[in-house]
Structures are given as C-alpha cells and as structure tokens.
Amino acid sequence: MMEWEWWQVVIGLVMAILAIRITATINVTELLKHRRDRQLQSLQALCPHVAIEMDAAAERITIQGLATSPPGTHEWFCERCLAPFPGGLSQAESNTKYWTERPKQLAARQKKFLRRAKRQGFIR
C-alpha cells in the first residue's frame, strides 16, 4: 500500500510542474501588443476626427476635418488617430458637419480624447 501512495505523489508533482511550466510560458510581448491594440481602438472610437483651431487675433474658432488620403489611394483616414473612414470622403465631410453644429460637445470630446491619449502614452 505504501508504494501506491508514493507513485501518486510523484504523478501529482509531475502534473504540478507541467501546469506551472505551461502558465509560465505566456508570451508577455504578445499580451502587451494586444493591450496596446485595444487601447488604440478605444482611442479611435473617442477621437472626433476634427481639430479646433483658435485664432486669438481674429477672435474666431475654426473647425477643420482631419481626413486625409495617401497619394494614389482611395482610402481615407484620420490624421490624428489613423482610424479609417469606410465611407470615404463623404463620411469624413458628414463627420465634420456634425461637429460643426455641436462646438461645445466637440470641445469636451477633444479634451477627453487628448487626456486619454496622454495617459495611454500616444502623445506627450
């Protein structure tokens, strides 16, 4: 009876060592990359894709769309957060029009975006 208990202990120790080894081989770089991708996606969802420019001398505020297209392509994306515009230029223009009609909400959204981007290390 003593031999049987000794083998159970050995098998239990081997299984415990294998379990520890499997959990210790988690790729930390891959986890950090996945975390960074999730942060970028949440930041792109928060970005208003327009910029507020304040001209103190002329005492006016200008709202400018940040949609751009690389030369030779038909793809449009935001210059700030690199989020694609699947609808192309028409979607970018409607987005700019939307925020032009809501300047107070735009200022709050841009402030929130910049604060989160600094906290996550995308801008300094």
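Modeller: Let us start with Asp37, which counts as partly exposed because its relative accessibility is 34%, where buried means under 20% relative accessible area, exposed over 50% and partly exposed in between (1.4 Å probe, protein chains only). The model is predicted, so local features need pLDDT of at least 70 and side-chain atom pairs count only at pLDDT 80 or more, while totals for chains, interfaces and linings use all residues. Residues are numbered from 1 along each chain as its sequence is written, and side-chain values use heavy atoms, with hydrogens and water left out.

Biologist: Which side chain meets that of Asp37 in a salt bridge?

Modeller: A salt bridge is a side-chain nitrogen of Lys or Arg within 4 Å of a carboxyl oxygen of Asp or Glu. Here the partner of Asp37 is Lys33, at 3.7 Å from N to O, and both residues lie in helix α2, four residues apart, about one turn of the helix. Helices (H or I, at least four residues) and strands (E, at least two) are DSSP runs, numbered from the N terminus. Lys33 counts as exposed because its relative accessibility is 55%.

Biologist: How many salt bridges does this rule give?

Modeller: The count comes to two.

Biologist: Which residues gather in a patch of positive charge on the surface?

Modeller: For a charge patch, residues with over 30% relative accessible area and no salt bridge are taken, and like charges are joined within 9 Å. Areas come from the Shrake-Rupley method with a 1.4 Å probe, Lys and Arg count as positive, and the charge is placed at NZ of Lys or CZ of Arg. In this model the patch consists of Lys111, Lys112, Arg115 and Arg119. Lys111 is in helix α4 and counts as exposed, because its relative accessibility is 58%.

Biologist: Is Gln110, by contrast, buried or exposed?

Modeller: Gln110 also belongs to helix α4, which covers residues 103-120, but at 12% relative accessibility Gln110 counts as buried. Contact means heavy atoms within 4.5 Å, and, not counting residues up to four places away in sequence, Gln110 touches Pro48, Val50, Ala51, Ile52 and Arg80.

Biologist: Which residues does Glu79 contact, leaving aside neighbours within four places in sequence?

Modeller: Glu79 lies in the loop between β4 and β5, and its contacts of this kind are with Leu66 and Thr68. Glu79 and Leu66 are 13 residues apart in sequence, yet 5.4 Å apart in space from C-alpha to C-alpha. Glu79 itself is partly exposed, because its relative accessible area is 49%.

Key: Patches are made of residues with over 30% relative accessible area and no salt bridge: like charges are joined within 9 Å, nonpolar side chains (Val, Leu, Ile, Met, Phe, Trp, Tyr) within 5 Å.
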